[in-house]
Amino acid sequence: MHKYTTVWVSARRDTGTKWFLCGLVLIAIVLPYLNLAVPVSSAFHLSNYGLRLVGKYFCYAMLALAVDLIWGYCGILSLGHGAFFALGGYAMGMYLMREIGPRGVYGNPVLPDFMVFLNWKSLPWYWYGFNHFGFALLMVVLVPGVLALAFGWFAFRSRVTGVYFSIITQALTYALMLGFFRNDMGFGGNNGFTDFKDIVGFNLDSPRVHAVLLVITLAMVALSYAACRAIVASRAGRVIRAIRDAESRTRFLGYRVENYKLFVFVLSAVIAGIAGALYVPQIGIINPSEFAPLNSIEIVICVAVGGRGTLYGAVVGAVLVNYAKTYFTTAIPEAWNYVLGALFVLVTLFLPRGIVGLSSYLRVLLRGRRGAIRQFRMESDKLEPTRK
Amino acid sequence: MKKRLLRLGAQWLFLVLLLTSRSTGPLYAQPLSDSGFLAALGELPDAGFDDKYRIVEQLAQSGHPSARAVLTALLEDRLYCRTQDKKVFLVKPGPEDAPTLELIDPLTLKDIGSAPTDTLDKIVANNRLRTILEQMRARFRLSSPDAATRLQAVRDIEQNLNADTIQLLRERSSTESDSRVKKEIATGLALAVLDGSDTQARLSAIATLRGSLRQDVVNKLGSLIEKSPDGGYVESDKQVRQAAEAAVKSIDLRRSIYSGVQTLFFGVSLGSVLVLSAIGLAITFGVMGVINMAHGELMMLGAYSTYLVQMAMPERIGTSIFVAIPVAFVVSALAGVLIERMVIRFLYGRPLETLLATFGISLMLQQLARSIFTPLNRSVKTPAWMSGTLQLNEALSVTHNRLDIVIFTVLVFAALLVVLKRTRIGLEIRAVSQNRPMARAMGIRSSWVDAMTFGLGSGIAGLAGVALSQITNVNPNLGQAYIIDSFMVVVFGGVGNVWGALMGGLSMGVVNQLLEPYTGAVLAKIAVLVALVLFIQTRPRGLFPPTGRASENL
């Protein structure tokens with residue numbers, strides 16, 4: 001009992017968390033209002049497209065949250081988290097495909113269109129059960145979770161750490177991308193899943209359904225934020241941070257480092273999977289390009305921009321970076337890669353604590369004592385194991 | 001009695017003369033002078049077919065240097081005579097209904113302008129004449145001084161064996177000096193004997209054919225052991241059948257060994273591309289502890305440098321590649337040093353952040369290439385000396401560009417070893433990588449060494465780009481396709497070890513190539529990745545793990 005009260009007390013003292021949760025609630029109220037209640041003629045009206053975009057940003061924000069949990073607190077840099085996101089998305093997509101039923105182009109009540117098109121005679125076994133929403137939700141959690149469990153078990157047990165782990169995870173998502181591009185995998189190949197009709201009976205064309213999906217997404221962001229916050233504030237959270245700062249020392253103190261790592265890694269993968277599942281009905285498509293290594297690494301830079309090891313920083317970073325991406329890819333498409341590239345370089349060089357750490361960094365800079373600046377940088381460097 | 005003996009002697013002499021004149025006829029014939037040659041040629045247009053046979057024979061035996069060209073032209077319907085003065089000309093091969101024909105003088109074989117088609121009459125040949133001409137051509141080619149031509153001639157003859165062509169081969173086999181041509185003739189003669197009925201001859205023919213590797217030989221032997229639809233064997237002679245069966249088995253075995261060698265070679269050549277891109281990474285990743293995600297883009301810079309060099313010297317594609325090698329090295333090395341000085345040096349000791357920053361650089365470089373060169377494929381021409389295939393034997397051939405890449409990789413690798421082991425900068429690089437503070441204490445400017453190391457690794461990436469430009473299209477995504485594989489190679493081989501990169505690259509290439517026929521390209525790649533993840537379980541630090549103090553820091 002005592003343990004939970006400490007978490008609660010620490011959460012109440014945490015002003016960042018308070019502001020963050022208030023912000024989420026505000027968005028959950030204001031944006032659907034602007035979309036549904038404000039007339040189209042008004043300057044304050046939010047278009048359906050805009051509403052979906054915000055939903056997308058927060059799905060990515062949830063993924064960023066998952067990445068921050070393992071990178072910011074445990075020092076594990078996964079360059080393949082997009083894979084868990086996409087797997088969750090595919091699980092939801094399979095449900096949505098089955099939900100189309102006989103309304104597809106070919107009107108087959110069981111087989112999705114692409115299977116009819118590819119001359120498949122019957123549903124592959126791994127598609128069974130996806131006509132039930134509950135089963136699909138279970139899979140959204142299980143598939144990424146089990147993959148992370150197996151992968152993490154192998155990796156952490158043999159002490160694959162640091163950049164090695166990063167590269168292996170990148171290879172994982174790359175391999176999955178290659179696999180899902182194949183038509184005979186039974187996941188729609190290149191085109192993936194699209195043309196969804198409804199979700200548990202609610203029409204996916206309706207803006208009201210999308211408003212509800214947005215609210216659910218925000219609620220899930222808040223929930224996973226609270227879960228992550230509870231974990232990092234707990235005793236286990238301290239061990240996890242100890243692993244980040246000095247893995248060998250933590251091991252020598254008697255902690256089972258691999259178990260802690262495995263726990264956060266699996267939890268993080270599950271959060272990523274749920275984010276993917278929320279993403280698919282709002283965007284209306286899922287295809288293998290979600291597995292692209294670039295997607296995963298973009299999320300990492302979102303976390304770095306927002307500020308590592310803060311959790312809310314990840315959400316802020318993801319929303320800002322993805323907003324910038326939308327802006328640039330429509331206004332000046334060829335500039336986006338320069339901007340993104342420059343973000344990677346500038347943030348790692350000049351913003352060790354991201355945007356949310358900017359104020360304290362500026363304060364130190366303005367005070368202008370060299371010692372203080374170095375002190376700040378060294379503290380920031382502690383966010384990952386140093387090589388001296 | 002005396003009279004009879006005399007008659008016998010005369011008959012015998014006649015016979016000998018007849019035989020020698022038949023078999024060595026051309027040697028005894030008088031070489032025709034130019035005027036004689038022209039006179040014989042002049043008879044052709046108006047001659048009947050019987051005369052034509054004679055004239056053709058006369059021309060063939062004339063020993064005149066132009067005879068071959070003229071007879072070939074007649075065979076290919078390219079011999080014409082001018083209507084007004086009955087002069088005979090060769091014409092160049094051209095479209096069927098061209099209004100004018102390009103004339104060639106029959107004596108000097110030089111171009112002498114063109115003439116309208118309707119002022120010329122074709123000198124026609126019938127089937128018998130064609131057969132005679134074909135034989136003559138085969139004879140000409142068989143006695144060509146060029147061994148490759150003779151070899152091809154034998155192969156062509158094998159396609160239609162008959163009494164005449166077999167005779168030709170027999171004649172040639174006694175005088176032939178080149179061992180390959182000789183072997184080919186023996187194969188051809190053996191193939192001919194197989195159709196005969198003499199068991200002993202056929203058995204020895206099969207023994208000869210056993211040494212061959214050719215598919216058509218296997219097919220021919222295979223036809224001997226086939227069963228007819230009613231269940232019996234097509235071939236009635238049991239001895240021949242068994243010998244043929246053994247021969248087919250032996251040939252098949254050797255053919256499959258050679259095809260294994262070929263797969264191995266493909267694997268090695270694929271692997272050497274990986275090695276080229278991975279040794280640069282091994283240096284920056286291993287020696288400096290720096291993850292350079294922009295490595296692939298440095299390769300891309302090398303490939304575009306090759307393209308630009310080729311654009312600058314379009315008439316000399318063959319030599320441009322030699323210019324491109326140093327240019328690509330310098331361009332990529334400079335880019336590498338620039339990246340190191342501007343970004344990476346601020347991030348030493350923070351490998352994950354270095355990874356992100358260099359990834360950002362790779363995005364910018366890619367976009368830069370896209371802005372300058374457009375996203376379209378730019379194809380770099382392959383020099384003539386690098387195209388084509390090298391036929392080692394009937395079952396084994398290697399393409400020149402793959403072979404050259406393997407050689408190039410070996411050279412680059414050797415050069416790198418020399419730099420690392422034999423030069424001062426190499427010594428300093430190794431010192432800094434083993435123990436940075438101690439190296440600094442000994443007076444080595446470690447930051448300068450860092451820049452040079454990064455430059456060296458990047459320069460090698462540029463060289464890899466040159467090699468890549470020869471086998472794939474050059475586009476802004478060139479580096480992306482190889483970067484993950486190269487990292488796998490480094491992880492597999494062990495960090496900080498160029499030998500590890502070599503072994504890792506070659507074995508990944510070979511394994512990929514071995515798996516591909518069974519699983520397809522994509523699954524092979526996935527299988528290799530999965531195998532690697534499992535491999536890391538048992539050897540987390542790769543095939544050649546770093547040892548000593550340096551290993552603690554990675």
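**Helix packing, burial and chain shape**

Mentor: H9(A) and H11(A) are roughly perpendicular to each other, since angles of 65 to 115 degrees count as roughly perpendicular, those under 35 degrees as roughly parallel, those over 145 as roughly antiparallel and the rest as oblique. Before we continue, note that this is a predicted model, in which local features need pLDDT of at least 70, side-chain atom pairs count only at pLDDT 80 or more, and totals for chains, interfaces and linings use all residues. Residues are numbered from 1 along each chain as its sequence is written, chains are lettered from A and ligands numbered from 1 in the order in which they are written, and side-chain values use heavy atoms, with hydrogens and water left out.

Trainee: What is the angle at which H9(A) and H11(A) pack, and how far apart are their axes?
Mentor: Two packed helices are described by the angle between their axes and the distance between the axes. Axes are lines fitted to C-alpha atoms, for helices over the stretch in contact, and angles run from 0 to 180 degrees between N-to-C directions. Helix H9 (residues 235–245) of chain A packs against helix H11 (residues 257–283) of chain A at about 105 degrees, and the axes are 10 Å apart. Helices (H or I, at least four residues) and strands (E, at least two) are DSSP runs, numbered from the N terminus.

Trainee: Which residues in H9(A) and H11(A) meet?
Mentor: Contact means heavy atoms within 4.5 Å. Ala236(A), Val239(A), Ile240(A) and Ile243(A) in H9(A) meet Val257(A), Tyr260(A), Lys261(A) and Val264(A) in H11(A). The contact of H9(A) with H11(A) has seven nonpolar residues, no polar ones and one charged. Here Ala, Val, Leu, Ile, Met, Phe, Trp, Tyr, Cys and Pro count as nonpolar, Asp, Glu, Lys and Arg as charged, and the others, Gly among them, as polar.

Trainee: At what angle do helix H2 and helix H3 of chain A cross?
Mentor: The axes of H2 (residues 15–36) and H3 (residues 48–74) of chain A cross at roughly 160 degrees and come within 9 Å. That makes H2(A) roughly antiparallel to H3(A). On the H2(A) side, the contact is made by Leu24(A), Ile27(A), Leu31(A), Pro32(A) and Asn35(A), and on the H3(A) side by Asn48(A), Leu51(A), Val54(A) and Phe58(A). These residues divide into seven nonpolar, two polar and no charged.

Trainee: How is H17(B) oriented to H19(B), and which residues meet there?
Mentor: The axes of helix H17 (residues 424–434) and helix H19 (residues 446–471) of chain B come within 10 Å and cross at roughly 110 degrees. That makes H17(B) roughly perpendicular to H19(B). Ile425(B), Glu428(B), Ile429(B) and Val432(B) in H17(B) meet residues in H19(B) including Trp448(B), Asp450(B), Thr453(B) and Leu456(B).

Trainee: Is Thr284(B) buried or exposed?
Mentor: Buried means under 20% relative accessible area, exposed over 50% and partly exposed in between (1.4 Å probe, protein chains only). Thr284(B), in helix H12 (residues 238–288) of chain B, is buried, with a relative accessible area of 0%. Beyond its neighbours within four places in sequence, Thr284(B) is in contact with Gly289(B), Val290(B), Asn292(B), Thr453(B), Phe454(B) and Gly457(B).

Trainee: Where is Ala148(A), and what is in contact with this residue?
Mentor: Ala148(A) is in helix H6 (residues 133–157) of chain A and counts as buried at 0% relative accessibility. Leaving aside neighbours within four places in sequence, Ala148(A) is in contact with Phe84(A), Trp153(A), Leu262(A), Phe265(A), Val266(A) and Ala269(A).

Trainee: What is phi of Val200(A) near?
Mentor: Phi of Val200(A) is near 35 degrees, a positive value in a residue other than glycine. Val200(A) is in the loop between S2 and strand S3 (202–203) of chain A, and counts as partly exposed at 41% relative accessibility.

Trainee: What radius of gyration does each chain have?
Mentor: The radius of gyration is taken over C-alpha atoms, and the globule rule is 2.2 Å times the number of residues to the power 0.38. Chain B comes to 23 helices and seven strands. Its radius of gyration is 34 Å, well over the 24 Å that the rule gives for 554 residues, so chain B is more spread out than a compact globule.
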